[in-house]
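Good morning, and thank you for joining this group meeting.

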Amino acid sequence: MDADYSYDYASDTLRRNRPGFKRAQTVLVIVLLAVIFVGAGASYYSYRRLCDQARRIQELEQDAIKSMTTGASGTPSDYLTALKNNLSAAQNSTAQAKAITHSGLWNIYTHVHGYSTDAKTLRSMTDIMDSITTDVLPQYTTALDGVSGASLYNADGSLNVTPITDAVTRIASMNDGLKQQIDSMDALADPRDQTLYDAYEKVVDSSSSVLVQMQSLSGLYEFLPNLLGANGPRTYIVLGEETGMGLAAGGYIESVGWMTAQNGTFNVNDFYSSDLWAQNAGVADVTGDQNNLFNVISGISYGSAFSSITANPNFPEVAQQANDFWSATDFAGHGTDADGVILFDPWALQQLVAVSGDVTLNGGLKLTADDTAQFLAHDIYDSVDADSFAKYYTEIVDNIVNEAFANMTMDKLLKLSDALVQCAEGRHAYVWSFHSEDQATLRATKLAGEFSTDAKNPVVGVYNQQKHTSAMDWYLKRVSTVTKTADQTYHVRFELNNTLGSAVDMPSAIVGEANSEAQVGHQLQRVYVYTPAGSTINNFSVQSGAQVQTVPLGSTTVYTFQTDIGMAANDVIEFDVTCSQGAANLLLDQSPGSSDDLGVTYDYGL
């Protein structure tokens, strides 16, 4: 049979063979498979490039954010200097990130089904970040530089608030603009691809720190005209804390005075020991929950004695208590109300000395910017007998505050505002105004010392109160970690350390005396853990096995217990916090220590 033909037995027909056609079919299939394979390979390669570039975008934007927030732990003027020095680096990083998302690869992916929205989201994000560094932040430096170079007084001696008020108007507009840009970035459609989503989410989360820092930087400038009495005279109650025996908001109030401000001139009145003020003046403002927690459970005369109003860590309520006592006392308020309350602890008083210069007391003792805090928080207890302590401490506070607020110049005023904001971070100084127009600014700078009720920005509070009659808080060191364990869940570990190794030859005024509750050199601490707004606490444990009580306090719940910590020993609290959906990362607030070392570590990386 001819090889070109073949017989089909099934159909009883003769068919012509077409080997060329079959070869063509085979080649076509191979070519198609090759095209598919090459196309798949190219698609995979381009996708890997897209992911690599997304990760690079994340790195660049976070480098920019780091440049924008460098110096955030320093004073506002330090931060402003750092911002000016680092702004070009931030601009370079955001420009590189923007260039990546406007390259050919990203142009292609903006038209690829399933990836177009993702690519457009990251492109818009880089556009916004670049605008923040090139258009918005330079305006801050210009505005604030203008204030620092101005004169506080006119040639005729009258107060010159025009540079401040002009800067405040510009800053408020800039803050609004910055917030709108960050909000618009947050409102972009979430990428569906995991790698692109991670890059977007991490940049958006980090960008909020820029807004927080700028609000903090500019916040006190908004308050300065009112602080100066530019819009009418202001009267501020001034509280001096002694922190040997700590309370939740810092320590016992040892000295109380007040000052007036009008047209940039401060007049500081005499200070008096807290035991000279009217008694029980604040009882009417104590709620049932506060009475149960502070008076019944903790054994503090909250509302009855001026000295113990700082048992409450929520400073606006402390300020109200201070006003109650000041108003009820004939030699002070005499039935009138103050405009606000300012509080300084020993660390804050040391920062005031740094502003005004060394202070020499009547006995010849010189306090400097290096040793004031240690003297007032520790050494003084071995230097002065109990009968003279209140008078001597009051004299010191009177001298320091007078020096800090006398002969005010613009340079001194800005240094003073720097010092206040720096102290606010560790709760070493508080400022509260009873004028509603001032309160948002004081909250933004953290000077309000207010326990947060914002579920979207959760804060867990861990506060303590020394129960051993001693000056042992100088030896109390706090170390804590906040670790993110899931989308809205965190593990908190809070350690209280007694750093005193031996009490041999130490005065009882510092190490205390043995009693039924604590031995010499022991820390006897009442601890309060405030549940964040909109959150829950679970798995609460105390290493020492102390009995924990759960107590309602207004809209929150407080976990409280008492622990006896021996010399060179510690106690550890651990618990989990679950925050509301969409909330920002959890923060921790605590009672002030003896220095500016907060001892708090945040680990938000899962």
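I begin with helix α12, whose buried residues are M410, K412, L413, L414, L416, S417, D418, A419, L420, V421, C423 and A424. Here buried means under 20% relative accessible area, with exposed over 50% and partly exposed in between, using a 1.4 Å probe and protein chains only. In total, 12 of the 15 residues of α12 are buried, so the helix is mostly covered. Helices are DSSP runs of H or I with at least four residues, strands are runs of E with at least two, and both are numbered from the N terminus.

Before going further, I note that this is a predicted model, in which local features need pLDDT of at least 70, side-chain atom pairs count only at pLDDT 80 or more, and totals for chains, interfaces and linings use all residues. Residues are numbered from 1 along each chain as its sequence is written, and side-chain values use heavy atoms, leaving out hydrogens and water.

Next, the helix pair. The axes of α4 (residues 116–148) and α5 (residues 162–186) come within 10 Å and cross at roughly 170°. Axes are lines fitted to C-alpha atoms, for helices over the stretch in contact, with angles from 0 to 180 degrees between N-to-C directions. The crossing makes α4 roughly antiparallel to α5, a term for angles over 145 degrees.

I turn now to single residues. T329 sits in the loop between α8 (315–328) and β7 (340–344), and counts as buried because its relative accessibility is 5%. Not counting residues up to four places away in sequence, T329 touches W277, A278 and H334, where contact means heavy atoms within 4.5 Å. A polar atom of the T329 side chain lies 3.3 Å from the backbone nitrogen of A278.

T243 belongs to the loop between β3 (234–242) and β4 (252–262) and is buried at 14% relative accessibility.

Finally, V511 lies in helix α14 (residues 508–511) and is buried, at 2% relative accessible area. V511 and D473 are 38 residues apart in sequence and 9.8 Å apart in space, C-alpha to C-alpha.

Methods: A polar contact is a pair of N or O atoms within 3.5 Å; within protein, one must be able to donate a hydrogen and the other to accept it, and residues adjacent in sequence count only if both atoms are side-chain atoms. Angles under 35 degrees count as roughly parallel, over 145 as roughly antiparallel, 65 to 115 as roughly perpendicular and the rest as oblique.
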